[in-house]
Every structure is written in structure tokens, then in C-alpha cells.
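Open the model in your viewer and keep the selection tool ready. Each stop below says what to pick and what is there.

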Amino acid sequence: MNLVLVDDIIARYRWEKAAIIAILQDIQREFNYLPQEALTYAASRLAIPLTQVYSLATFYRAFSLKPRGKHLITVCLGTACHVRGAVRILEKLERELGIKAGETTDDMRVSLETVNCLGACALGPIVVIDGQYHGQMTSVKTDSILKKLRKL
Amino acid sequence: MSKIKSTEDFEKLQESVNKTRDPERLCITVCSGTGCHAYGCEKVTQAFVEEIRNRDLQDKVDIRTTGCHGFCERGPIVVIHPQEVFYQRVKVEDVADVVSETILKKNIVDRLLYVDPNTGKQIICEKDVPFYKKQRRIIFGNNALIDPTSIDDYIALGGYAALSKVLWEMKPLEVIDVIKKSGLRGRGGGGFPTGRKWEFCRNAEGDRRYVICNADEGDPGAYMDRSLLEGNPHSVLEGMIIGAYAIGSHQGFIYVRNEYPLAVKNVTIAIQQAREYGLLDRDIIGSGFDFEIKITRGGGAFVCGESTALMASLEGKLGEPRAKYVHTVEKGLWDNPTNLNNVETWANVPVIINKGWQWYSDIGTEHSKGTKIFSLVGKINNTGLIEVPMGISLREIIFDIGGGIPEGKKFKAVQTGGPSGGCIPESLLDLLVDFEKLTETGSMMGSGGMIVMDEDTCMVDVAKYFLNFLKEESCGKCVPCREGIRAMLEILTRITEGEGEEGDVELLQELSEVVAETSLCALGGTAPNPVLTTIKYFRDEYEAHIKEKRCPAGVCPALIQYSIDTERCTGCGACVKVCPQEAISGQRKQPHSLDQAKCIKCGACLEVCKFEAVIKR
């Protein structure tokens, strides 16, 4: 693992302990998740107990301790999407992908996550695939975007 | 650009900016808020740039990508200035026509106009669209006029004039006095008088003082703070600098929700530009006042919207709230006096300074002054962000501005205040919206989410939805919140699964009381509101679930059944194709049947049937 990247990130925050959350965010952006080795290293460089780093990494929703898939599907479960049937879309994706929200397919192709609100409520229910918004989702539309995703 | 060192410098800057602005010049504004982004406005903007270049019109026409205009339902939105021609749902294919007709010949492209569904009439100008007519956009209006990445756009509309005035003509206590007299109250949900908060913080003992902008907008269905930060970041910065001067702080933080990358980007640019102009950091406008602002991204924890949790998170700790025996204005960030206000509150400050507290306090009701931005979402025709004077009725918001409920369905409730709020029924539609009135209903103002629900929304399911949300987001530090919410959710889940028992409602009420009374912070303290208000106004729905094992709205899967109306079924087979369980069978062109034992109630058959032959009961 390239720990130089971790050093660079920490240096950018001037080795400040208070910046630990931002440092973890940058590590996650670099590696797509929080690898154990990177966490241990960051903790030692900042002289923060690893337990504390671990508690932060598991408290905040933005962090993942497991590697995530090549593609990320996010289903918005905001209130507006909920009253427009977002749960049915999520359940369909779970069925089709064979995983639950928060999991990644065995072939590491797709991770399925939920978000509390994306603030694009006019388009609800919304599914985001690799940063692309798909609005007014229906069961049929879900099939067609999954078909496209399989070809990627 | 050299730094501004005096009010004279600032006036010179204003002049030079204004010289480059010709109010008669044609300008195509394309809304680039997150909503319109999702509709693909980027491609539309790109198409305009190319079209204008191909026709060699760069010298005659400006193209400006602006923040959110509010009318998200109709995106991508394009407005042609100075005529204010309003085009909606503009696609790349429409761009050539807009340029050749409207820009070159002043003709209207009829097919892109908004049609008032009530009158069937096409509307040409933005201000005449019913969605905008009853609004009063004193805070949010500039979003539609400026490019958020251009400080000059903000200055051209009078931006930073309030700051210059405050730093050179007003003493800190005078600023606090003006804010107090204006009647401004916190827009994040609590509604605490802003001026008094500033005064407490200024008077608290300590060498360092901090100001924080809370942009950890977590309420699902509320996105006004993001749209302000994305669309008009300088207005928030200006408010913060004025506040810092009044309080005597030299360090500010903006704590932004992790899910808002565009807001982070635009605020970062805005801070950089303000620094270059000498409007931030050292010796601001030559007044000797220093103030810097740092941006921190949140970690995606709802509880961090709570002030003490947010401050803990800023310190690099777990976002857990603490008891507020000592208020954060006295001991907040790193135990120093800290003043935290929400994005919208900060954005109100320059407006009050510019227009005066008298003008401001003329808007609104006795105890709630000014305007409030709401996000009007859910089962509503005109989804979007609206800014209305305090004291407007819910009915005006939902039916006049929001255009009522889609597909002719019946209004059931409006949910305000996010997970801390409640559901307000039809009988209270004439309620005049302000802090006190909303609290009286058992709901609250909150940060301004308004989720409209129709006859197809199950109120027990809504209560369950919010408790599920809060169970996930409870930090777990105090027992009443962590265990109480979980226990309440268990009961609600039982009820929605047809396992409800007599006495469940009373038990929920009792648990609600305990959770509300004994939780450490507002998350637990207000968590029972969605449950209590739905019981108060929609008890019949609870009774139907418990006693009759029936979900009147047809939402709770365990209590509904799908079947096929053999008279209507044409045997087209569409439902067979989409059924994931192979639960539907039948010969082609013959009425089909549905095997209840196999059905998982996903609703796919209902969605695809064109003959209304699938019945949900």
C-alpha cells in the first residue's frame, strides 16, 4: 500500500489532530474506502489512539471500512422520495443485485447505498449511478438502468 | 486586482463593476442548481455557448449559469434578460430556436413557455408564473441573477455594501442592536432571536470567540441552505463577517454536509475571491478588522446539525451532543464562546443592514419577522424552493404556489420540521405559518422542509419512516433516545405488519413522553413529534391498522393484496414480464390470475398495467 499518499494528506492538514475527519475523508477518496493499514498509519503519525480513529470511522456515515465496488448505486430515501415509493425501488435493486443496502456484490462490480436526501426532490424517487442522477424511477426504469450498468 | 483598503476603494470597485454592466444587454441565464443539474442543464449551457459562438454573437449576448431559481419541477430553466422571458424544460434541441427566435428576432418560442394549468394560458415572464407570484424573494431572489463563482456579479447587485457600511459606520453594539430590532430569529429550526445570541456571545468571558455557519442540512426534503450556499455564497460570507465584527470574532467555520460537493466548491471559490478583494482575512476594507473562514466537510451524521455535536465534530471528535447547562455562546468550540447560526440566518444579515430593521420587521407576524425559505416537495405539482413572508397560510403555499396535488388526488397532510416535526392535517390548512403557530400544532418550523402528502400516503408508515431514520441517526450516547426510539419503532413496525394490539397507541404515547422529556439533545427531545402528531390527527389510520388489519392508504405491504380484475384484463402479458416472482400466469389474450402465495407485493404489475386491471386493496 502506498502510504506516501497518507503522509501527503496529513501534511496538507499540517499534522493537526483536529483535522482527523477531513484526513479520513481524503484517505477514503484516495483508496475508495478506509484500509486498515492506512488508518493504523494515520493514527500513529498523528499520535491519536487507533481506537479513537476507529470510533470516528464507524460513527460517520461517510466512511466505509470495506472496499467498495467499481460502480456505486445510491438510492435516495428522503421523505419526498419515500412518499413517492423509493422503498420499492430499493427493494427491487436489492433483489436484482442480490445484495442489501450497504453491501457490495461478490465480483466487486456494484455497491448499493442509501442516502437521506439529495435535495433534488422534484425528480423523486431518485437513483444515482456513479454520480449520474436518474429521476422519477419506476420498476421498469430500474430494469433498463441495470441492463445498461451490466454492459459497462 | 489590488486589495480594497477603504470605503472609497470599495465605491470605486462598485463603480468599475457597474460600468461593465449594461441592464439592456441580452443575457441568457441557465439555472444550474442541483435539481437542474440532475435534468442535464450542463449540456443545455454548453449548447448555448456553442450556438452563440457559431453565430458570432459573443459581443452581444452573455450567458450566465446561475444558482437555483427554485422552480425545480420545471427544470432545466432558462430565463432571457432583460425581458425576463421564462423558458422551462429546455432541452439541447431547443437551444437553436431560442437563439434564432428570441435572441435574434425577439420572438417567443411558445412550446417552451409555462402553461398555467388552471387557466390553460401560456405565461411569458418569470414573475408572472403563479409559482413565483405570491413569493417574496428577498434572500433567495438574487440566486437567479448571479453567477455564484463571480464576486463581481454579487457586488453589482449591492453585495458587500452592508459590510463596508458596518465596518466603517457602525459600532459592534449598534450592529447587534439593529439585528435585535429586526426581529430576526434562527432559521435552522430553533427560532432563537439572532441578535440576542450575538449579544450573549459578545458578552461571554473568553479571549477567543468563534462564529460558525451550520450548513449541515440534514432534514430530508430540505435543501434551501444548500441552494443558498451553491447559488449565492457571498451573501452567507458577508453575513458571517458582519456577525463576527459584531461579536468580536476573528475565526469562522462553515460546516457543510458531506453530500453537498457543489456547495463546498462554490464557497471555496467565494472565500478565495473575497480574500483577493480584501473582504476577508486581514484588515478587511482597511478597517483594521481581521476575520478568516475555514470550510469543514461533515461526515454524514444527522446529529451533527445539533450545535454541540457539530462543535465536537469540528474538534475532530465524535459528533455526540453534550448537555447544555452551559450554553455554547459561553463555552462552545474548544471551550470558547461560540456563535452558531444557520446558512439562511446568515444570509438575512446583509439584507437587514442594507434595508434597515424597520423595513425588515414590517414583513411577517408579531413574533416571526421576515421571510422563510421552504422546500415544497412530495405529492405536489410545483416542487421547488419558495421564499414567502412569515404569516402566509399553508393553503396559499400548497395550492396557490404549489399548484395543489398531482393527478387530482386529495390532500392529506403536510409534514414540516423534518424528523423533529409533525404532520399537519387538512383541517389546519388555513393556519398562518410562523414559529409559534407551527409549534402549536405539535409540529415545528424546523429548517423549512414541507413534504406534502396525499390520500395514497399512509400516516403510520410516515411515522415509522421518521423513527427508522432517527434510530439510524441517534448517536447512541443517551439511553432514552437510543432505546426509546428503537422500542417505539418496534411497535410501529408491528402495527404496519398487521400485528398491532389494543393499547399500542397508548404505549406509543407514553414512550413518547419519556423520550421527549429525558433525552439529552433535541434529536431525542423532538423525535416523538412525527408519532404524536400522526396519532393526534390521524388516529383512525392507526385504529384501522390495529383493529381491522387494514392500511387505508394501501401502502403497508403486509396489509394489502394485489389481484387481477378479470373483466378488465386483456391478457397482454405485460405484468407477467415484470413480475419478479412469476406469480402471474394466464394464456395470451385471456384474463390472467395472480398467485397470492408467490406475490411479494412489489407493485411492478400495477405500474405496467395499461388497463387498470391490477387492483390493490
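Select B:K610 first: its relative accessibility is 73%, so this residue counts as exposed. Exposed means over 50% relative accessible area, buried under 20%, and partly exposed in between (1.4 Å probe, protein chains only). B:K610 sits in the loop between α24 (604–608) and β19 (614–616) of chain B. Helices (H or I, at least four residues) and strands (E, at least two) are DSSP runs, numbered from the N terminus.

A note on the model: it is predicted, so local features need pLDDT of at least 70 and side-chain atom pairs pLDDT 80 or more, while totals for chains, interfaces and linings use all residues. Residues are numbered from 1 along each chain as its sequence is written, chains are lettered from A and ligands numbered from 1 in the order in which they are written, and side-chain values use heavy atoms, without hydrogens and water.

Now colour by domain, with bounds from an automatic or database domain assignment. Chain B has domain 1 (25–81 + 85–124), domain 2 (151–360), domain 3 (371–454), domain 4 (459–547) and domain 5 (561–616). Pick domain 3 and domain 5 of chain B: their C-alpha centres are 37 Å apart.

Move to chain A. Its parts are domain 1 (3–59) and domain 2 (71–151). Between the C-alpha centres of these two domains of chain A lie 30 Å.

Last, is B:V264 buried or exposed? B:V264 counts as buried, because its relative accessibility is 17%. Helix α12 (residues 261–277) of chain B holds B:V264.
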